[in-house]
Amino acid sequence: MIVKIEVNSKVIKAQKGETIMSALKANGIKIPSICSMKDFTPTGACRMCVVEVEGSQGLVPSCSQPVNEWMKIKTHSPQVIKARKTIVELLLSNHPDDCLYCVRNGSCELQALAEELNVRERRIMGRKNKYKLDHSSPSIVRDPSKCILCGRCVRVCDEKLSVFAIDFVNRGNRTIIGTAYNKDLNFSSCINCGQCIMVCPTAALFEKDSLPELEDALHNPEKTVLVQYAPSVGVTLAEEFGVKPGKDISGLINAVLKKIGFERIFDTSFAADISVMEMTSELLARKNKKENMPLLTSCCPAWVKYVEQLYPDLLPFLSNTKSPQQILGSVLKSYYPEISGIAAGSIYSVAVAPCTAKKFEAQREEMTKKGISEVDLVLTTRELAKLIKLYGIDMNQIEPEIADDPYGMRSSAGKLFGVSGGVTEAVIRTMPHVSGAREPSRVKYQELRGGKGKKEAEIRIGKTTYRFAVVSGLSNVLPLLEDIKAGKCEYDFVEVMACMGGCINGGGQPVGSDENAVKARMKALYSIDEREIIRFSHKNPKVNELYNNHLGGLPGEKCKSLFHTTYSARKVLL
Ligand code: SF4
Ligand code: SF4
């Protein structure tokens, strides 16, 4: 039902029951807020979004107050501006004030609010926050001194991920965001997903900086630095350079990585094609034996850690196929030296990933051979953007190039790994080939696409009907996990990605992206698939060359040693 309200002396229309903030937004009036987030119940805790409502005592938080017919609202009266400005001044009163050295300089919401509200002098003096930095996690750095206690990180970790790694600890002016027993993050149940970084308005949370180590490697004459970049990075990196979401710049990424000095540029989607071959064969074998069904995907390292910590009983259900990043890392340090003439010992393998958990995955003991990591260093999409800026490369002045042979070639099925549902579509496309059944008439599985937290499909391949489920956002997987535990799950294959929408919305992607950006990224990956000639992993000629020339076919002992792993229960402080 539509109601009329009066805003700044003008009549506007609103939906009955919607909040004042939402009605104002729909009418082009932006109200600042620190604690509110789309799709989360508003709390009105930060009071930054206050407005004047005629007849109300005091100012009203617009994020939680619903509109009423003929409500009279003032959004930017002197009283409102003064209240908002005082909140920012209070937040700044104990802030470290090191903006020039801060990782979020230029993208900090607190900085932007101070500018927007014309804060030009320090009127409120407080004691500066001084907390030690928490560097314990391989992925995330915490700087509690910069925390403004908005609570967004806590809510995303609890409500979207059901991890509950962080919370408010202490009281009054000693309140901080901490972990269980206030220990370092590494001891907590944190799964390194980085979704808290994505919502943090300041630099209280940020990814571990891998650029100094990369610089050392790039300038070390004894190292040959090879790089792979993940399927989703091609459709998100451009946003860091002010381009609207949804632009595929994979060709430019190849060119820019060469300019920076990487010796060879490879596409992780190639390894996603291998992952499809391996996972499909694993699925069919388990289905035949009626063993450990459903098969749970394991390409998302945050999800794998979640199972290790909270559902160790379900570890046998996880696929033992490594993630594409680790598969390519493994190939680059084993077979690639044979065909390239590059000394194995000199190879320094870098991966650009959409995800902070990939930094954790690369340093797992299971991902090493004789103490040597398959992947030496992981950069996020954001870090790659910083590297490009550091090298002074003008993205508008370079021409696209192709990735290097042989691991630059991919099918678009491999590319779909960047989006929730993509792994499943890729596996379905390859199942008839591996099982010897007739190819189905369709390539596209619309029911597995889109932004829903859970999607399903039932597909007949040969004489067998298979049931697939796709879940993104870990809180959506809980009912399914309980069903598996109770032996009630009817699916054969379950794809799980920790982040909503999959890697295109990973914790290493550009910050400040909204659901429209995620939709545009999704669309970009699907349109790459529409245009592609090779849309099946098993039709990638370079994948077949690798299986025929080196691996001795599928499945085999060599595949097992290079592409498969095991996971085990992990103890954390809860
Ligand atoms: S990285 Fe993910 S799991 Fe860890 S604290 Fe942040 S949101 Fe929670
Ligand atoms: S760490 Fe960041 S997101 Fe979390 S409460 Fe502090 S400022 Fe907010």
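# Close-up views of a predicted model

**View 1. The shell around ligand 1.** The residues that form the shell around ligand 1 divide into nine nonpolar, two polar and no charged. In this predicted model, the residues that surround ligand 1 are Ile140, Cys157, Leu161, Val163, Ile166, Cys190, Ile191, Asn192, Cys193, Gly194 and Cys196.

**View 2. The domains of the protein chain.** The domain assignment divides the protein chain into domain 1, with residues 2–76, domain 2, with residues 91–207, and domain 3, with residues 218–563. Between the C-alpha centres of domain 1 and domain 3 there is a distance of 43 Å.

**View 3. An aromatic pair formed by Phe270 and Tyr407.** Eight aromatic pairs are found when the whole structure is searched. In the pair formed by Phe270 and Tyr407, the rings are tilted, with 40° between their planes and 4.9 Å from centre to centre. This pair links distant parts of the chain, since Phe270 belongs to helix H8 (residues 268–289) while Tyr407 belongs to the loop between helix H13 (381–390) and helix H14 (412–415), and the two are 137 residues apart.

**View 4. Lysines over aromatic rings.** Lys287 is placed over the face of Tyr466, at a distance of 5.3 Å from the ring centre. In another such arrangement, Lys305 lies over the face of Phe360, and here the distance from the ring centre is 5.6 Å.

**View 5. Gly251 and its contacts.** Gly251 is a residue of helix H7, which covers residues 250–260. Although Gly251 and Ile402 are separated by 151 residues in sequence, their C-alpha atoms are 5.9 Å apart in space. When residues up to four places away in sequence are not counted, Gly251 touches Pro400 and Glu401.

View 6. Ser420 is located in the loop between H14 and helix H15, the latter made up of residues 422–435. Ser420 counts as buried because its relative accessible area is 1%, where the cut-off for a buried residue is under 20%. Leaving aside residues up to four places away in sequence, Ser420 touches Leu448, Lys455, Val470, Ser472, Glu495, Gly501, Gly502 and Tyr526.

Note on methods
Residues are numbered from 1 along each chain as its sequence is written. Chains are lettered from A and ligands numbered from 1 in the order in which they are written. This is a predicted model: local features need pLDDT of at least 70, side-chain atom pairs count only at pLDDT 80 or more; totals for chains, interfaces and linings use all residues. Side-chain values use heavy atoms; hydrogens and water are left out. A residue is near a molecule or strand if one of its heavy atoms lies within 4 Å of it. Ala, Val, Leu, Ile, Met, Phe, Trp, Tyr, Cys and Pro count as nonpolar, Asp, Glu, Lys and Arg as charged, and the others, Gly among them, as polar. Domain bounds come from an automatic or database domain assignment. Rings of Phe, Tyr and Trp (its six-membered ring) pair if their centres lie within 6.5 Å; planes under 30 degrees apart count as stacked, over 60 as edge-to-face and the rest as tilted. Helices (H or I, at least four residues) and strands (E, at least two) are DSSP runs, numbered from the N terminus. A charge sits over a ring if NZ of Lys or CZ of Arg is within 6 Å of the ring centre and within 35 degrees of the ring normal. Contact means heavy atoms within 4.5 Å. Buried means under 20% relative accessible area, exposed over 50%, partly exposed in between (1.4 Å probe, protein chains only).
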